[in-house]
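Please examine the fold whose sequence and coordinates follow. The account below leads through its helix packing, its aromatic pairs, its strands and its backbone.

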Amino acid sequence: MSVKLLEHERLDELHRNGYFIIQDPQKFCFGMDAVLLSGFAKVKPQETVIDLGTGTGIIPILLEAKTEGIHFTGLEIQPESADMARRSVAYNHLEDKITIEIGNIKDASRQFGASSFHVVTTNPPYMTAQKGLTNPNEAKAIARHEILCSLEDIIRESARLLKPQGRFYMVHRPFRLAEIMVLMHQYKIEPKRMKMVHPFVDKEPNMVLIEGLRGGRPQITVEKPLIVYQSPGVYTDEIYEIYGY
């Protein structure tokens with residue numbers, strides 16, 4: 001299918017099911033964190049998924065390719081990103097499987113209704129609004145800093161959106177792990193699975209993948225670390241497998 005690309009946009013191959021995604025490098029492109037989250041999240045047959053802060057729709061598109069979920073919804077506050085996501089969905093003929101909605105994460109449970117989804121995924125802004133150098137590009141700043149929503153907003157709304165025993169998947173930074181665990185416990189999403197991501201085997205982790213269960217019992221499994229590079233510029237076999245190369 002032909003797709004209209006706007007100025008500065010490009011069409012990138014995803015190496016899954018022949019799918020492509022539209023991106024604008026001048027605004028924001030998805031990173032490895034989104035791909036790793038799509039590999040960490042588990043979606044069972046006939047389950048519904050919502051991705052909070054979906055950007056250009058990378059996580060719903062990858063999850064549709066990798067799982068047997070019945071329907072995937074992406075929620076995005078920036079109309080330009082949502083438009084790119086919708087055009088990518090159309091390009092890949094996924095209109096029956098993926099819906100992109102415009103809205104604020106803070107109001108997600110009112111927009112979609114409580115207990116509406118089996119799975120919530122999110123690759124949220126990592127930095128608080130006060131920390132770090134805010135990017136002068138508004139789209140990038142919103143994606144990286146908690147300007148329009150906070151970590152608490154995301155976890156609170158995820159808890160409301162999830163069905164009982166529904167699962168929550170998030171990628172974040174290890175330096176905020178204590179805050180993440182406190183908020184998940186506060187909103188009754190019990191941490192069940194965690195994996196640290198290290199750039200090299202001898203380096204500190206720079207990402208953490210977390211699974212939580214709404215109303216789950218206290219018990220967490222810490223999985224073996226994921227190492228990104230075996231040498232500079234060369235991914236490990238596990239990374240190649242997640243990417244589908």
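Helix H1 crosses helix H2 in a right-handed manner, where right-handed means that the near helix is turned clockwise from the far one by less than a right angle, and left-handed anticlockwise. The axes of H1 and H2 (residues 58-66) come within 9 Å and cross at roughly 35°; axes are lines fitted to C-alpha atoms, for helices over the stretch in contact, with angles from 0 to 180 degrees between N-to-C directions. On the H1 side the contact is made by Ala34, Val35, Leu37, Ser38 and Gly39, and on the H2 side by Ile58, Ile59, Leu62, Leu63 and Lys66, contact being heavy atoms within 4.5 Å. The residues of this contact divide into seven nonpolar, two polar and one charged. In this division Ala, Val, Leu, Ile, Met, Phe, Trp, Tyr, Cys and Pro count as nonpolar, Asp, Glu, Lys and Arg as charged, and the others, Gly among them, as polar.

The model is predicted, with local features needing pLDDT of at least 70 and side-chain atom pairs counting only at pLDDT 80 or more, while totals for chains, interfaces and linings use all residues. Residues are numbered from 1 along each chain as its sequence is written, and side-chain values use heavy atoms, with hydrogens and water left out.

The secondary structure comes to eight helices and 13 strands; helices (H or I, at least four residues) and strands (E, at least two) are DSSP runs numbered from the N terminus. Of the 245 residues, 51% count as buried, where buried means under 20% relative accessible area, exposed over 50% and partly exposed in between (1.4 Å probe, protein chains only). Among the contacts with a separation of 6 or more, 70% are accounted for by residues 24 or more positions apart.

The crossing of H6 and H7 is right-handed. Leu151, Glu152 and Ile155 of H6 meet Glu179, Ile180, Leu183, Met184 and Gln186 of H7, and the residues of this contact divide into five nonpolar, one polar and two charged. Helix H6 is largely enclosed by the rest of the structure, because nine of its 11 residues are buried. The buried residues of H6 include the charged side chains Asp153, Arg156 and Glu157.

The structure also holds seven aromatic pairs. Rings of Phe, Tyr and Trp (its six-membered ring) pair if their centres lie within 6.5 Å, and planes under 30 degrees apart count as stacked, over 60 as edge-to-face and the rest as tilted. Phe40 and Tyr169 form an edge-to-face pair, 6.1 Å centre to centre with 85° between the planes. This pair links distant parts of the chain, as Phe40 belongs to H1 (residues 32-40) and Tyr169 to strand E7 (residues 162-172), 129 residues apart. Phe40 is buried at a relative accessible area of 5%, and Tyr169 is buried at 0%. Elsewhere, Phe200, Tyr229, Tyr235, Tyr240 and Tyr243 form one aromatic cluster.

Thr48 has its place in strand E3 (residues 48-52) and is buried, with a relative accessible area of 18%. Apart from its neighbours within four places in sequence, Thr48 is in contact with Ile70, His71, Ser116, Phe117, His118 and Val119. Leu75 is found in strand E4 (residues 71-76) and is buried at a relative accessible area of 0%. Leu75 lies 7.4 Å from Ile105, C-alpha to C-alpha, although the two are 30 residues apart in sequence.

Glu13 stands opposite Phe20 in E2.

Which residues take a positive phi here? Most residues other than glycine have a negative phi. His15 takes a positive phi near 60° in the hairpin of E1 and E2, which has six residues between the strands. Asn17, in the loop between E1 and E2, has a positive phi near 55° and counts as exposed at 54% relative accessibility. His8, in the segment before E1, has a positive phi near 80° and is partly exposed, with a relative accessible area of 39%.

Notes:
Pairing = 2+ DSSP bridges.
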